[in-house]
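Hello,

Here is the structure I promised to pass on.

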Amino acid sequence: MPTRPSLADLEPGANFIRRHIGPSAVETRDMLHTLGAASLEEFIARVIPSAIRSSKPLDLRKPMAERTALSYLRKMAERNEVFVSMLGMGYYGTVTPKVILRNVLENPGWYTAYTPYQAEVSQGRLEALLNFQQMVVDMTGLALASASLLDEATAAAEAMAMAKRVAKSSANTFFVDRDTHPQTVGVIETRARAFGFDVVVGDPSRDLKPNGVFAALFSYPGSSGEVRDYRSLIARLHEAGALAIMATDLLALAVLTPPGELGADIALGSSQRFGVPMGYGGPHAAFFATRDEFKRSIPGRIIGVSIDAYGHRALRMAMQTREQHIRREKATSNICTAQVLLAVIASMFAVYNGPKGIAKMAERTHRFAEIFAAAVKGFGYEVKTKAFFDTVTLHVPGRAHALWARAKEKRINLRFVDSDHLGISFDQSTRRAELERLLTVFRTDAIERVSIDAIDKTLGEVIPAALRRTSSYLTHPVFEMYHSETEMLRYLRHLQMKDVALDQSMIPLGSCTMKLNATTEMIPVTWRSFAMLHPFAPLEQAQGYQQLFEELEAMLAEITGFDAVSLQPNAGSQGEYAGLLAIRGLHESRGQSHRNVCLIPISAHGTNPASAVMAGMKVVVVACDEDGNVDVDDLAAKAREHAANLAALMVTYPSTHGVFEERIKDICAIVHEHGGQVYLDGANLNAQVGLVRPAELGADVCHMNLHKTFCIPHGGGGPGMGPIGVKAHLAPFLPGHRVVHGVNPAAGRDQSQGAVSAAPWGSASILPISWTFIAMMGGEGLREATIMAILNANYIAHRLGPHFPVLYTGPGGFVAHECIIDLRWLKDRTGLTVEDVAKRLVDYGFHAPTMSFPVPDTLMIEPTESEGKREIDRFCDAMIEIRKEIAEVEEGSAGRTDNVLKNSPHTHRLLLGDWTHPYSKEKAFFPLKGYPNDKYWPPVARVDNVHGDRNLVCTCPPMANYMEAAE
Amino acid sequence: MGDVVFVELPSVGKTVKQGGEAAVVESVKAASDVFAPVSGEVVEVNKELEGDPALVNRGAEGDGWFFKVRLQDKSELEGLMDKAAYDKFVESN
């Protein structure tokens with residue numbers, strides 16, 4: 001009789017590792033066998049030079065089961081207390097429509113997609129983003145809007161940098177309205193300092209000298225709630241050749257005359273209150289709009305309308321050459337991503353509510369504020385704000401603290417401005433009962449109770465007529481068509497189906513680490529006790545978050561080997577910037593502020609030089625050898641040459657070419673010898689976790705893309721997170737914060753380092769994702785994941801090697817976690833391009849690998865550990881089949897212009913007319929035998945990029961075009 | 001570069017320096033600076049390029065001109081390539 005398994009054998013234990021890692025034990029054995037390795041350990045020993053391997057295993061807790069991790073987090077979340085938030089300051093309560101919550105925010109079809117570089121497989125979210133741009137254009141009254149920025153404060157800093165570029169005025173001073181959210185002022189000052197701009201913060205009516213500034217930023221409404229008419233100041237700025245920038249609020253603009261009509265050149269703000277939870281600071285999508293004449297200078301991504309190869313309407317990202325990838329050290333912004341998922345939510349909020357719904361919630365919010373102001377005036381309080389939308393400031397000499405504390409007892413958070421002033425903000429989520437509760441804070445027993453309805457009847461408008469909006473908004477039909485839940489549900493599904501996301505197939509983008517975003521990791525994000533906290537809520541109400549930060553910082557420090565971690569940067573590029581500022585801070589503290597030379601290898605990602613320039617450094621390029629490795633002799637020569645001024649080296653590891661460079665420790669040592677610090681770009685950290693620690697290689701600071709290595713989904717192009725780890729000597733120079741003190745415990749009392757993001761801990765509400773991943777994998781699981789990611793990449797290199805040249809391998813002939821296949825020969829021999837291969841993959845149902853980075857006319861493939869062998873084989877089969885299709889052109893059996901590659905991707909529309917191509921329909925649409933069941937039908941054919949960039953249209957086209965597109 | 005989609009021209013009256021950045025030309029794939037061949041004051045720019053940047057592709061040596069400069073120093077001309085030398089230069093790159 002076979003032995004009966006014990007109960008212990010039958011218990012599940014912590015089995016998430018097997019869920020996260022794609023290949024099964026059998027598949028792993030097969031792949032090892034193919035590569036001629038006996039075991040994973042033997043394999044990895046051959047890939048990573050022993051000199052760089054860490055001798056210390058990861059000291060993390062044992063892996064948690066999925067249920068256990070959620071219970072643990074639930075307890076943590078319960079330590080957060082959700083009070084009614086009336087703090088304002090750019091973060092407001094909002095009600096996320098459940099149909100959007102479930103079908104966008106909690107839907108892998110939306111959150112696992114990548115940035116829409118491959119337009120043909122991204123039409124759904126491109127349309128949602130175009131709606132976002134249209135919504136921002138309508139609300140702000142300006143001609144053109146981008147597809148979102150990281151947060152309001154960085155958007156304001158981007159506006160400053162853009163204004164400096166385009167203003168006719170040659171002044172070097174930027175004026176900031178003192179009634180601006182303090183976190184925005186903080187980020188502006190950090191940026192301005194590195195750029196060398198002077199900032200004056202003051203009262204515009206008194207302190208602004210239009211002739212002495214290149215631009216001024218007005219807050220409209222002000223942080224205090226006051227709404228002021230800036231028309232005449234704007235006109236005077238224009239006379240002086242300076243720009244007028246307005247930090248504003250989408251909901252307020254339903255009531256107030258829009259910035260465009262006041263003459264403003266740029267308007268920006270946060271779209272958070274359009275349905276995106278506060279999430280203790282983020283992620284949220286900032287909006288940015290400007291005049292048509294500045295369209296070529298707008299920072300960040302912008303979606304444009306173009307046509308496809310058959311003349312049908314197709315959307316795409318416009319003006320990509322403006323990106324830092326191409327501008328490199330000429331770039332004036334390092335903004336490299338957007339907040340797509342959150343911008344999609346905000347746009348759908350507008351689509352679902354429509355202009356009437358938005359108007360009603362804006363008027364309601366405004367009315368609550370008016371009733372409150374009238375009621376407390378009746379109680380004898382002094383209301384400081386005269387004209388306001390949703391926020392009032394009370395002058396309560398010496399009593400602010402007592403009233404603030406009294407409100408807190410009633411579970412309401414007010415803004416404690418100073419001992420004499422309180423701020424109170426209302427929002428879409430405010431209810432009558434909450435207003436009544438709030439009034440009890442201010443009413444003493446001696447005062448008679450008031451009827452809200454009675455006050456409502458007596459009110460007069462507080463906003464002057466000249467600032468009351470008269471123009472219409474959200475007039476495009478898309479904002480009228482989807483108001484029933486049935487319609488909205490289908491619209492979301494209709495858009496989602498157009499896109500390839502990880503729920504459809506592998507997305508083998510090199511350097512992007514498109515791994516599993518497990519459901520268990522995502523669940524806590526929308527829990528009320530994580531989602532509904534205001535970032536400036538009293539710390540005692542956020543103890544769960546504080547615990548999360550401490551634990552996650554400790555995990556990340558253990559993984560990277562660093563002493564301190566800052567969670568503030570909202571993207572990898574922001575991490576680079578924060579890291580370089582820390583290096584600058586260190587040099588300054590040592591009296592070496594002249595150290596400003598940043599060495600960057602030619603192979604670096606374009607954001608590296610862009611960040612260095614933004615941090616006030618001078619870029620010196622270091623050569624690479626034929627294998628893509630840093631040319632150590634050139635590095636040593638340049639370090640020597642610039643020794644007196646050397647600030648830093650920025651280096652990516654494993655290299656952007658996907659190789660474990662053996663001499664990385666020598667490289668770091670050379671830089672240190674000459675007085676510089678080493679910034680390690682952690683984009684490729686997924687090849688290191690559990691095997692190599694950046695700090696042990698010699699790096700002083702490194703960013704971690706939580707949206708790559710640590711499972712935060714890419715959201716279709718944001719959110720991301722780019723925390724940085726530093727060695728102890730840099731810890732005092734990590735980012736601080738203007739509003740929340742003690743964000744960086746190592747900073748000491750002066751907190752001299754500025755903030756790089758609006759929120760103290762960045763996009764806090766997505767940090768549970770990375771915590772959960774690390775907790776469920778444990779040290780052993782993370783290490784295994786790294787080895788499997790490297791095994792998968794080498795298996796692909798091995799399978800494709802006989803068909804395509806594989807560029808750059810390390811010692812032993814292995815690649816790291818990604819491989820580059822060379823297609824530079826293609827054009828001369830066949831007239832085909834790397835783009836033809838990328839688009840042909842769409843016919844096979846795949847998102848293309850990374851195109852032309854880091855080497856032009858190559859494809860970089862990164863499978864991650866989450867893809868199983870079956871999917872990897874399907875991808876390799878597709879590539880090998882495409883190689884045959886290329887050979888047909890090469891040999892002449894297929895034409896150079898009318899072939900499956902040039903005509904790809906093939907859409908369903910081609911089935912309607914006569915078939916005129918020399919190849920069969922089967923070959924066009926179902927090229928891979930044996931995989932017929934999961935056909936992806938691209939909604940548009942090859943998108944015409946040239947047409948789009950020559951004829952820029954960045955708002956929703958008239959409805960007739962949609963009809964035409966549907967035909 | 002491929003198909004040019006946008007040309008950014010200097011403002012009339014601006015002084016440019018030989019070898020210095022004077023304009024920007026953008027295609028879908030790249031953005032490149034255009035360097036001034038000689039020093040001087042910009043006296044006219046080709047407004048046609050704003051509406052039809054493809055002129056640069058169609059007639060780089062004719063209708064696709066960028067700007068006219070009032071020469072500051074005639075001797076700068078001596079260092080420039082003639083057509084034959086330039087054609088050779090283009091071919092070899």
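Angles of 65 to 115 degrees count as roughly perpendicular, under 35 as roughly parallel, over 145 as roughly antiparallel, and the rest as oblique. Axes are lines fitted to C-alpha atoms, for helices over the stretch in contact, and angles run from 0 to 180 degrees between N-to-C directions.

The model is predicted: local features need pLDDT of at least 70, side-chain atom pairs need 80 or more, and totals for chains, interfaces and linings use all residues. Residues are numbered from 1 along each chain as its sequence is written, while chains are lettered from A and ligands numbered from 1 in the order written.

Helices (H or I, at least four residues) and strands (E, at least two) are DSSP runs, numbered from the N terminus.

Start with H5(A) (residues 66-78) and H23(A) (residues 543-560). Their axes come within 6 Å and cross at roughly 130°. The two are therefore oblique to each other. Met76(A), Ala77(A) and Glu78(A) of H5(A) meet Gly544(A), Gln547(A) and Leu548(A) of H23(A). Contact means C-beta atoms, placed from the backbone, within 7 Å.

Next, H15(A) (residues 340-378) and H17(A) (residues 432-442). Here the axes come within 11 Å and cross at roughly 25°. These helices are therefore roughly parallel to each other. H15(A) contributes Phe368(A), Ile371(A), Phe372(A), Ala375(A) and Val376(A); H17(A) contributes Leu435(A), Leu438(A), Leu439(A) and Phe442(A).

Last, the chains. Eleven residues of chain B and eight of chain A make the contact. On the chain B side, S1(B) (4-8) and S3(B) (21-27) each supply at least two residues. S1(B) gives the most, with three.

Best wishes

Note on methods: Contact = placed C-beta atoms within 7 Å.
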